[in-house]
Amino acid sequence: QVQLTESGGGSVEAGGSLILSCRTSGYTYKPFYMGWFRQAPGKEREAVAGIRISGGGPGYADSVKGRFTISRDISPDNANIHVYLHMNDLKPDDTAMYYCAAPRSGRDSYAVLRGSMYDYWGQGTQVTVSS
């Protein structure tokens, strides 16, 4: 069973930085892509960033371009995949629960910012930015 485990959330002041980490387990074959999404209280879930695991340009929401960077790290045996979200120049509007997401095995898409392309979701990690 595929599981996604996030870590790295916390509380920072505006202008600060955080790094979120997502570790996958349970995949027989590595997923083609993974992404980060967020949901603030009273708002709908929105895409933040997505990346293809084997390479290719990542995708970002306009609201985080230039401030956030998504990256991935794959163990030599493909057994462990980590996806990171480096968040710089954080703003109060970035306050939300952040979720890591991944597709089921064999599912491929270049629409890495589309929530419907994902099948597995982590439990979320809270990011709070104070002004």
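**The disulfide and the fold**

Modeller: Cys 22 and Cys 100 form a disulfide, with their sulfur atoms 2.0 Å apart. This is a predicted model, where local features need pLDDT of at least 70, side-chain atom pairs count only at pLDDT 80 or more, and totals for chains, interfaces and linings use all residues. Residues are numbered from 1 along each chain as its sequence is written, and side-chain values use heavy atoms, with hydrogens and water left out.

Biologist: Why is the pair Cys 22 and Cys 100 called a disulfide?

Modeller: The term means a pair of cysteine sulfur atoms within 2.5 Å. The sulfur atoms of Cys 22 and Cys 100 are 2.0 Å apart, so the pair qualifies. By this rule the count is one disulfide.

Biologist: Which parts of the chain does the pair link?

Modeller: Distant ones: Cys 22 is in strand S3 (residues 18-25) and Cys 100 in strand S9 (residues 96-102), 78 residues apart. Strands here are DSSP runs of E, at least two residues long, while helices are runs of H or I with at least four, both numbered from the N terminus. The chain has zero helices and 11 strands.

Biologist: What is the handedness of the link between Cys 22 and Cys 100?

Modeller: Left-handed, with -75 degrees about the S-S bond.

Biologist: Are Cys 22 and Cys 100 buried or exposed?

Modeller: Both are buried. That word means under 20% relative accessible area, with exposed over 50% and partly exposed in between (1.4 Å probe, protein chains only). Buried residues make up 44% of the 131 residues in the chain.

Biologist: Why does Ala 102 count as buried?

Modeller: Ala 102 has 0% relative accessibility, so it falls under the 20% cut-off. Ala 102 lies in strand S9.

Biologist: Which residues is Ala 102 in contact with, leaving aside its neighbours within four places in sequence?

Modeller: Contact means heavy atoms within 4.5 Å. Ala 102 touches Leu 4, Tyr 27, Tyr 33, Met 34, Tyr 118, Asp 119 and Tyr 120 in that sense. The C-alpha atoms of Ala 102 and Trp 121, 19 residues apart along the chain, are separated by 6.6 Å.

Biologist: What makes the radius of gyration of the chain agree with a compact globule?

Modeller: The radius is taken over C-alpha atoms, and the globule rule is 2.2 Å times the number of residues to the power 0.38. For 131 residues that gives a value near 14 Å, and the chain has 14 Å, so the two agree. Along the principal axes, the C-alpha atoms fill a box of roughly 45 × 25 × 25 Å.
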